[in-house]
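Please look through the structure below with the explanation that follows it.

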Amino acid sequence: MILIGILMTFLGFLLAVASVAMTASVGGRMVVVLIGLALSLAGIIGILNRAFLKNAIWRR
Amino acid sequence: MTSVKRSLLLLTMAALCVPLAWTQAPPAAPPAAKPAVVPLTDADLKNVETPKPELRAKGDPDGSLTGNVSDVTVADSKKGLTIADVANQIGQNKVAINFVWTLITGFLVMFMQAGFAIVETGLCRAKNANHTMMMNFMVYGAGMLAYWLIGFSIQMGGVGAVANLGGTSPLSAEYAFNLFGKPFGLFGEHGIFLTQGGTYDVGVMVLFLFQMVFMDTALTIVTGSAAERWKYAAFLVSSFIMGAFTYPLFANWAWGGGWLASLGTNFGLGKGYCDFAGSGVVHAVGGLTALAVSMIIGPRIGKYTRTGKSNAILGHDIVLVLTGCFILAFGWFGFNPGSTLGASSNGALRIGSIAVNTMLAGMAGGFGAMFYMWMRYGKPDASMSGNGLLAGLVAITAPSGFVNSVGATIIGLVAGVLVCLSVEFVDRKMKVDDPVGAISVHGTNGLWGVISVGLFADGKSNYGGSWNGVNGSVTGLFYGDASQLVAQLIGVATLIGFVFTFSFVVNFVINVLVGQRVNAKSELDGLDLPEMGQLGYPEFELKPGPVAVQ
């Protein structure tokens, strides 16, 4: 899960960078960048953090 | 009103306005004669009078005699003073003003380390005072060594000429590769040990000092979020790598001529990624690394109950906390106005505006947090008011050079509320333990600061007619340029997607190799004795267990 979370976070960054080549329109680029941001945040908060919480010290 | 009355009123107003308009109208000027241009020659300089020696011998109590033509450096004493000497002196004076400005503001930023140290120590328990202070003390040295060794080279090795500092021409080698048909600058190549590539240069030294204290600010953010459970040896290794690679890489992309700064010239996105003094480069990098480290090492013992309910673990000295906040607010006058890298150049006189924006946003942040806590919990929480001040300062760091005072106050106010919401989210939803709120103050509000440039930049700043190689002033969405916001969001995506990932992987590997967390007994006893060998407060009677309240 940790690996998936970190890969997803990095993928969001790649998508945001690629937005400059996908379209020339400002609106189009903004949408792609926002999707990339959402992907990265989901990777950190939704997957990576949950993986750590599964074995958190306070659960033991 | 009848039509007669209305007509009388109009006539009266017209009668009043005619003489007013007449008094304000400029007198007709005669056609201006073109002034004759009389070139200044070396001979003219010979005629400039200097104060007589007998007059100077009496002293100069009002300062009217000190500093005159005899103080201008003469290149050839046989020729005497020439126009070239005067021109050279003017140029050197300009660079000297900028050197002194940049160095003094750098010294202010250096002093922020003391502010961070006592804020963090005050927010931790007394049994960890020595450990927390030592992390804040030695992060300065560990980061500086790493930065001198290679970090500065990666960040600034290809920045090119910094005109305000006299050129810095040795910093001319940037490694770039082609992507989407455009050059993407990745890292600089000159400046290792401040000698390689001809970088033994006075301008480079000034730039190094200023950038070094910025880098150290980013590093010291992590010591707060990982306090009270971070193994000291792991902290040293982690900080060294952050100073050598993590911070310099992103700083190169934003400030060193890298690909983020080139989003404007390469892809027409505003003026490229704009981060005047480092909401993203310094604070978000520090805050996101803090998040990565805090996730890896886990929460302190006693922070969460078995059901996952959060306990507040109280700090031991609110006096230290708020005093530290004041020191940081003082140091921020170096952080933001100093980022002009000069007081004598195009646009550098905005230092007044930048300083005012800084103080307004900090104050607004403090108010925002205080009122939020007062309304939500019934009391104006002191530590969160301090964090609100810092959040406002963090948020205004990127836009400070591009916004007006109204924009600055709004940015600060939003930051003050945002830091409270973020602390609650990180603490209760993510269950990531951050004893000082560093992730929210620096991470969340660093990102907000970067975004706010794309919203509030008013297009009135002018730093030599262009920014990041694009003509014109930085202008945000509210003033007509949506593409600037896209550039800022790409910066945010890079911080979250790349910087966090890089920091996470580095610290994960350190965790596997040497272990990031102290053992449970050391943590419960307090880290002062097991990690540092000495108590911070040897005459105090300390409580060994966690001091927590629901």
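Asn178(B) has Pro183(B) as its bridge partner in strand β2(B). The two strands involved, β1 (residues 174-179) and β2 (residues 182-188) of chain B, pair in the antiparallel sense over six bridges; strands pair if DSSP finds at least two bridges between them. Two residues lie between the strands of this hairpin, and Phe180(B) takes a positive phi near 55 degrees there. Strands (E, at least two residues) and helices (H or I, at least four residues) are DSSP runs, numbered from the N terminus.

This is a predicted model, in which local features need pLDDT of at least 70 and side-chain atom pairs count only at pLDDT 80 or more, while totals for chains, interfaces and linings use all residues. Residues are numbered from 1 along each chain as its sequence is written, and chains are lettered from A and ligands numbered from 1 in the order in which they are written.

Chain A has two helices and zero strands. Its radius of gyration, taken over C-alpha atoms, is 15 Å, well over the 10 Å that the globule rule gives for 60 residues, so chain A is more spread out than a compact globule. The rule is 2.2 Å times the number of residues to the power 0.38. Along the principal axes, the C-alpha atoms of chain A fill a box of roughly 50 × 15 × 10 Å.

Where chains A and B touch, the contact takes 27 residues from chain A and 28 residues from chain B; two residues are in contact if their C-beta atoms, placed from the backbone, lie within 7 Å. Helix α15 (residues 482-513) of chain B gives the most to the chain B side, with 15 residues.
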